[in-house]
Amino acid sequence: MGKTVAEKIFDAHHVDCPSGDIHVISLDAVFCHEITTPIAITDLMERGKDRVFDPSKIKAVIDHVTPAKDSKTAMQGKILRDWAIRHGIKDFFDIGRNGVCHAIFPEKGFVRPGFTIIMGDSHTCTHGAFGAFAAGVGTTDLEVGILKGVCAFKKPESIKVNIFNSANNPPNSGNLPKGVYAKDVILSLIGQIGVNGATNKVVEFCGPVVDKMSMDERMTLCNMAVEAGATSGICAPDMVTVEYLWQFIKDEYTSKEAALQSFSKFRPDNDANYFKIIDMDISSLQPQVTFGYKPDQVKPVSQMEGTRIDQVYIGSCTNGRLEDLEIAASILQGKKIADSVRGIVSPATPDIYSKALDKGIIKIFMDAGFCVTNPTCGACLGMSNGVLADGEVCASTTNRNFNGRMGKGGMVHLMSPATAAASAIKGYIANSDIYLL
Amino acid sequence: MKNFNGKVLFLDRSDINTDEIIPAKYLTEISKEALKPYLLEDIVLQGFNQAKDIKGKSVVVTRDNFGCGSSREHAPWAFEVNGINLVIASGFARIFRQNMFNCGMMAVEIDKALLDRIFNLFADKDTAVETDMDKMTFKFIADDLIEIVPFTISEYDFSLVKAGGWVDYADKNY
Ligand code: SF4
C-alpha cells in the first residue's frame, strides 16, 4: 500500500511508539512567538530544565504585539529575548526585523519539504504548503519540543482535496475564475466540510489549481486548514516549491532538477490510502465571505453585498503577503476608501513591506486613505493596532471570525484581499468584479 | 492524579472555541491563576451567566468539537484554576484535547447518543459526577437519578494523567 505525504514524513521521523497509535516523532524545527513561549520558558526554568535541544533548530519571533503595548507585553517580549540570547538562538527576530511568524519563517527559508515543525500557534499548518508536516501545539508540547526535539501525535489520516476548474480552456489548466482567489477556495472548502470536517486529519491539497498556485497562494490554503480542524494542510513539493526555496538550497544541490528529485520522496504515492477524497470543481465558485461567528458560515459575496462595515483590515498570516497587497492595490489604485470606513493594512514582514514600498504599493494604500502599520499580528486577534469597539464590523483578510476575536462585541467578515479592497471603497461588503479588468 | 469529581457545568453547544473560553486579550498574563475570572467570558450561549454558573463546578459536559480554534493552553489552564479538570464531550479539537492530557487533565469523548441522553436527563438539574478511574466509569447523580456511563481513554493518555503531564514523561523517556 502506498503512502500519503504525512505518512512518509512520519516514517522518516519515527522515534518511539509509546502505545497503540501514538507516535513520537523527531522535530526539524520548533518555532516560537512571544505569546505562548514565555510560559514554557518559565516552566522549564522552574523545573531546573532551562535547556534547548538544538539552538539552530529553534526560530523565534516577537510578532503578536509589537512594539509592546504595555508592561505585560513588554515582559513577554523580554522573556523570549533573554532566552534567545541565553541559549544562542541566532534566528530570533526582534523589532525592526520581525514579522508575522507564518510569513517570516518561510521567507527566511526555514521550511523544507519533509520537515516536521511544531509551534505554539494553531496556524502552524501554513508551513505545510512546502510539503512539510507542520502542526500547532499547546504550551506543554512546545516545552517538550524545545527541551527534547520531539512531539507525540496520533499518526494522522489524510483527506485529499483535488481542486480543478472544469471550465478551463485548455481543460484543467488550473486557472481560478476571475475575482476568485486562494482565500475563496479555502473558505468554500471549510463551508463545505465544516469547522470539524478535518479534525485530527491532514488535508492534502492537490490538482491542477494547486499545481498552478504560487507559494503565497498555497500558504493561504494551508493556513486555514486548521479552521476545518486539520492538524496540518499539505501541498506536495514540486518545482514551484523548489523555485521559492532555491536561494536557500542552491549550495546543497547541483541543479533545481536535482533538488526536485530529492524532494520527490515526499510526494504521495499513487496508491496511497486516504480517509476521504474530495473533488472540488471551482468552475462556478464565486468570491466568498463569512457571515457568522464560525469560519464555516460562508456565502458568496453577492448574497452579503451591502453589509455595513466600519473597518477593513488587510494583513495576517493568511493574507498579508506581497501578492495579497498587490491584488488589493490593483483595486485601490487611484481610488479613495469610503469616508465611513477605517482602512488598515499590515504587511506581514519587513521584506514584504520593503518590496511593497519599492513597487509603489504602499503609496497606493496611503493615497486611498489606509493606515499602514508595521508588520504584526495586531488586530487579527484583537490585541492591538485596530481593535473593534462593541457593535463594530470589520471586513478582514484574516482567518477567524470568532465572537470577540477582533474586539469584544465586534463582528468579523472573512474575505479575500480583493473583496476587502472593493469593500473599503464602497463602505460596505462588495464584490471586486467591478474593479477588475 | 487530579480530582475528576464534582458538580457539572453543562454547555449545550457545539464548536465552542478557545477564544470564547479565554479571550486573546488575557494571553498577556504570565500566571495561570490570573486567568481565573475570565473563563468563558466571550461564550455565545443563551442563558449562560458567567458570574453565577461557573462557581462550584468541577466538570464540564458539552457537545461536539469543543476547544476548536487557537492552540492556547490558557484554555485548559483557565478551567484548571477554576477547579475544573474534566471535560466530557462527543468530540474535541485535536490541540485542546492534547493540551488537557498534557496538563494531567482529562478530555473524554463519549458517544453522541449517550451524551444526548445525559443532556436530556440531567442538564436542567443540579448534577454531580463521580469518576471511577479503575472501572472507567462516570456516575451522574442528581437527586435520586443515577446514570453510570462507561468511558475509555488510551493507555497513553492514562499514563499522562497519572504522571501529571507530558514534560516529565518526555524528559524521562527521550
Ligand atoms: S496573524 Fe492572526 S492568525 Fe496569524 S499568527 Fe498572528 S494572530 Fe495568529
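In the predicted model, five strands of chain A form an open, parallel sheet in the order 17-16-15-18-19, where strands (E, at least two residues) and helices (H or I, at least four) are DSSP runs numbered from the N terminus and pairing requires at least two DSSP bridges. Strand 17 (370–372) and strand 19 (411–414) of chain A are the edge strands, each pairing on one side only. Strand 16 (residues 342–345) of chain A pairs with strand 17 over three bridges, and Gly343(A) has Phe370(A) as its bridge partner. Helix 15 (residues 417–426) of chain A packs on the sheet and touches strand 15 (311–314) and strand 17, contact being heavy atoms within 4.5 Å.

Five cavities of 30 Å³ or more were counted; a cavity is a set of points on a 1 Å grid over the protein atoms alone where a 1.4 Å probe fits but cannot get out, and lining residues have an atom within 4 Å of a point. Volume is the space filled by probe spheres set on the points, which are joined across faces, edges and corners. The largest cavity holds about 240 Å³. Of its 23 lining residues, His64(A), Asp121(A), His123(A), Leu381(A) and Arg405(A) lie nearest its centre.

The second largest cavity has a volume of about 110 Å³. Its 13 lining residues include Val226(A), Gly229(A), Gly69(B), Ala93(B) and Arg94(B), the closest to its centre.

Residues are numbered from 1 along each chain as written, and chains are lettered from A and ligands numbered from 1 in the order written. Local features need pLDDT of at least 70 and side-chain atom pairs 80 or more, whereas totals for chains, interfaces and linings use all residues; side-chain values use heavy atoms, without hydrogens or water.

Definitions and conventions: 1 Å grid on protein atoms, 1.4 Å probe; cavity = no way out; pocket = protein on both sides within 12 Å on 5 of 7 lines; lining within 4 Å. Axes fitted to C-alpha atoms, helices over the stretch in contact; angles between N-to-C directions.
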